[in-house]
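Okay, everyone's here, so let's get going. Have the sequence and the model open while I talk.

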Amino acid sequence: MIVHLPILQVIIPLMAAPLCLLLTRPRLAWLFSLIASGLAFLISGMLLQQVMTSGTIIYEMGGWEAPWGIEYRIDQLNALLLLIISALSTIVLFAAETSIHKEIPADKHTLFYVLYLLSLAAMLGIVATGDAFNVFVFLEISSLSAYALIALGQDRRALWASYQYLIMGTIGATFILIGIGLMYQMTGTLNMYDLSIRLPEVAQTRTVFTAFAFVIVGICLKLAMFPLHLWLPNAYAYAPSIVTAFFAATATKVAIYLLIRFTFSVFGLSFSFTHLPLQLLFVTLGLVGVFVASTAAIYQTNVKHLFAYSSIAQIGYMIVGFSISTAAGLTATLLHLFNHALMKGALFLALGAVMYRIGSTQLSNFQGLGRQMPVTMAAIVIGGLSLIGVPLTVGFVSKWYLVLAVIENGWWPVAVLILAGSLLAIVYVWRIVEVAYFKPALAGTETIQEAPLSFLIPVWTLVIANIYFGIDTRLSVQVAQAASQSLFGVSP
Amino acid sequence: MFIGLYNYWVVIVLMMVGFYIVIAHGNLIKKIVGLSIFQTSVFIFYISMAKVDGGSAPILADEINQYSNPLPQVLILTAIVVGIATTALALALAVRIKEAYGSIEEDEIQKQDNLD
Amino acid sequence: MSLSLESMLQFSIILPLLATIGIVATGHKPNLREAVTITTSLVVLYFVISLYQGLQQGESISVYWGELLPGLKISFSIEPLGMLFALIASFLWLITTVYAIGYMRGHHEQNQTRFYSCFAIAISSVMGIAFADNLFTLFIFYEVLTLSTYPLVTHAGTEDAKKGGRVYLGILLSTSILFFLLAIISTWFVAGTLDFKQGGVFAPDVNPLVAGTILVLFIFGIGKAAIMPFHRWLPAAMVAPTPVSALLHAVAVVKAGVFTVLKVCVFIFGIDLLAILPSTQFLLYLAGASVLLASLVAMRQDNLKARLAYSTVSQLGYITMGALMATSAGVVGGSMHIATHAFGKITLFFCAGAILVAAHKSEISQMRSLGRQMPITMIAFFIASLSIIGLPPTGGTWSKWYLLMGTLESEQFILMCILIISSLLNIAYLLPIPFHAFFSGDKSSTPDSGIKEAPLPSLIALSITTVGCVILFVYPQPLYDLAKAILAT
């Protein structure tokens, strides 16, 4: 059983999805998906444990040896991502039953869980697999289910957002497909480990450069990296709250993983950063992204939009850490990956609770919520503080590592800009606080009550995780460091 | 050079045509058509690269001793399936958008959204 | 009680936090709630005094809580400067609580439970700052203090309060994240440690330019020290209820700022290094300008609390100057000024609050001939003003004396002039208030307008702090010993 963990990780939710379709009663489907996701979480925990103690796990599909067969290769980086995805998925799913009750027509509930599980399985698959083409397939499964999930939003704009995302996403995925094809052409292999050995031999060819460019641009589209982020705000804002919470916490993380995997492992550090002006490009785009997106967030009137822009800004931080291309920088990125999942998971889930009670996430409707929904609002405030990077929250931990990594590299102005970026976070977080706590409640909203427990429990689980991992950083820092060192030490 | 690699030229032309349609056209259906052309160009690209001159299908027979690489063709079968799924989903979305907005023109949809 | 000193140290930080639970739980019974607050503050004071005695006997007390990030410890220890700060803060918390009971009830404030619980959290973080053994621990409590005082500043919940709170939080959080955090990370990178150490943590051969830049970052980043141009939050925070202004903005928050400045100057840089850094002189003049300009602005304020706020900005400049002078007299003067200014300024704020509660007056121009109705308040105001100015028989005399000595020792004659001019300005903006209250026979106001002294708890509180001002003059030895010991240990 233990040896089969890597495949079980993916196959359980993947099989659960069609089985879910057979369950006619939505409540049953919910419980079923919760169990499937919980199992995935359990497995990812065991995998991480195993990887941290005994190193990379290699699982050969059907006993076929790589590079002929497909292999699943779990090192520290994969294991961390698997844990983030399955954990957040499980916590978010906990609130799903209550949330979609209000946001999605009853006859689509079962279908919702099917799509959710498919999306989860595909994301886990992207991370777990060691085969480049497999990545593409899983990427498309996750994207297709994502388009459908987003289109389930109440607002008709959800359809339009989903359509736009579909166009952008398909272009991105096709770019990746072209890149993979070119790589295959040059090396005759699709196994990522094998690629990393064979690519250096042909590194100085135009084909490989082209392949690299296609892959990176494709991933950056998926990543919503500035300036390729235009699809994200609407997709997040109009999707059902649960979907937003799930994607905000996981989807972009998977794309970051791909970026790291392809640049650091497959193409190799020396190719990615020495031969190309990638460092300058990424650090500039990352910082511009932080400022443009944070400024945009300040002017949003819909809180979901606001946090969506904030997500783009946070991606900017991860890109900056990534572009340093040192072990410390990568550690910072991975830490922020983990921490940002916790923050945004908590925030968007809390927004789901607000949506559940008042049916809108317009900032103007937040008036007086500080008194009417004190527990939910407290969660939003703490999540916001974490976003700003106040000590004792996870946001501080990532900021500390990121700034330290930047300074170690001698990039003083970048350090200043990173910190200045968090000042913008203060502004947009405090806009919400001021409306919620200082404006009197709107007329006719006196009956609004605190969100139900099915929301408060997962929200506060994440909020407490925000604080816990801000104080006890052993797990997150250790794993992130181990992952980044393994990327720098030996090739995957 | 040109003749020898003509299928790659076809790939590039199709790719650009498809990409241009996606970007330049406001009609949602036309965008989907463009997207399909774009994807198809990649399918052709994969198949082209696997073809070995004079090679045959990989069948174990005495008279055949030069094979084309079958793997990219298998891969592209998967990609075609994905492409069809994408197109179907996009068309379904277009239908829903038509129902919700009464139009499938990008600028009209934007206009209605801005009014809200 | 047979608690060890170590546990007393921890309890003086944790107990106020625990008290918030009690305060919230007893929120519907005001008497019980206030009893919880007062009991807690009494116990904390007892702990702090015991710690003081322990320190006198030469015991070294330190506590280690754990590592947040590898190498970044949360730990506490007792040293004279922190002891001095903790003593003042815990004593004045008790007094302020007494005062607040009178004020909050007399003024019929809303949300008193929130008020008392945030107050307790703020005190807990002040204790954390005072006892912090390294810069990292200090920074954490520094930020907690900012955040926990935000609800206090915006207590009224009005549009004004919101605006004030915005400036307050904006400046304090921005400076601390942009400059302070950067300075801390840079220190960590350059020196490899953040522990407070006598003589500083930087290697002797550190690049003066780098260290000088870090110093500038520190002084800008410690926004709570209210050095111009980062002083705007302090007047803005005056929208808070008076007890908050009194404790937090005359004692806890601003003193946490200058305390941090002193700590950084003495224990991160060390005064020897400080004296040779290229940026020290610039910062000294910046502090000097802050002293002078704030005094001038104070003269033009008609709102009493605003005038006091600017006066605080100016007085904080003294302490920063004392720290940056990098002489032993400067450090002694600066740390003594923390104490003497605390007593003086809290009395003044208490008086301002008493006048507001009893006479409903907040503008200075309305306070003529108030002396007859509120004699005790006005006498207290007079004595506290003397202490701020630095005249006998009040404690302010000593700290000003040492600060002047410091300027002589380091031959900073311009700064000496600034100190003297500023003291004259203090006279000009503080003394007319009690003077007019007693001697200006303004005929338009009827003497029998029914104004009486403030509620008894408030009156007791302000009398105690006034007596404190005088005692510090008569009996300054313990204070001096503590201040002297900062550089000795």
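So, chain B: buried residues make up 26% of its 116 residues. Buried here means that 20 or more other C-beta atoms lie within 10 Å of the residue's own; exposed is 12 or fewer, partly exposed is in between, and the C-beta atoms are placed from the backbone. Before I go on, this is a predicted model, so local features need pLDDT of at least 70 and side-chain atom pairs count only at pLDDT 80 or more, while totals for chains, interfaces and linings use all residues. Residues are numbered from 1 along each chain as its sequence is written, and chains are lettered from A and ligands numbered from 1 in the order in which they are written.

Back to chain B. In secondary structure chain B has four helices and zero strands, so to speak α-α-α-α if you read along the sequence. For the record, helices (H or I, at least four residues) and strands (E, at least two) are DSSP runs, numbered from the N terminus. Looking at contacts in chain B with a separation of 6 or more, 45% are between residues 24 or more positions apart. A contact means that the C-beta atoms of two residues, placed from the backbone, lie within 7 Å.

Now, who touches whom? Two pairs of chains are in contact, and chains A and B share the most contacts. Chains B and C have no contact with each other; their closest C-alpha atoms lie 30 Å apart.

Over on the other interface, 20 residues of chain C are in contact with 23 residues of chain A. On the chain C side, the elements giving two or more residues are β1, α5 (135–153) and α6 (159–191). Which of them gives the largest share? That's α6(C), with twelve residues. By class, this side of chain C has 14 nonpolar, four polar and two charged residues. The classes go like this: Ala, Val, Leu, Ile, Met, Phe, Trp, Tyr, Cys and Pro are nonpolar, Asp, Glu, Lys and Arg are charged, and the others, Gly among them, are polar.

Strand β1 (residues 62–69) of chain C pairs with strand β2 (residues 72–77) of chain C, antiparallel, over six bridges. Strands pair when DSSP finds at least two bridges between them. The two form a hairpin with two residues between them, and C:Gly71 in the turn has a positive phi of about 90°. One of the bridges takes C:Glu67 to C:Lys73 in β2(C).

On to the helices of chain A. α6(A) has 31 residues and reaches 44 Å from its first C-alpha to its last, close to the 45 Å expected at 1.5 Å a residue. The expected span is 1.5 Å times one less than the number of residues. Of those 31 residues, 28 are buried. Just after the helix, A:Gly188 takes a positive phi of about 70°.

Then there's α8(A), residues 206–223. Its 18 residues should span 26 Å at 1.5 Å a residue, and the end C-alpha atoms are 25 Å apart, which agrees. Its buried residues include A:Val208, A:Phe212, A:Ile216 and A:Lys222. What covers them? The cover includes α6 (157–187), α10 (241–266) and α13 (303–324) of chain A. Just after α8(A), A:Ala224 has a positive phi of about 60°.

C:Pro393 is in the loop between α14 (375–389) and α15 (396–409) of chain C.

A:Ser325 has phi near 55° and lies in the loop between α13 and α14 (327–358) of chain A. Why does A:Ser325 count as buried? Because it has 20 C-beta neighbours inside 10 Å. In chain C, C:Ala326 has a positive phi of about 60°, in the loop between α12 (304–324) and α13 (328–359). C:Ala326 has 24 C-beta neighbours inside 10 Å, so it counts as buried.
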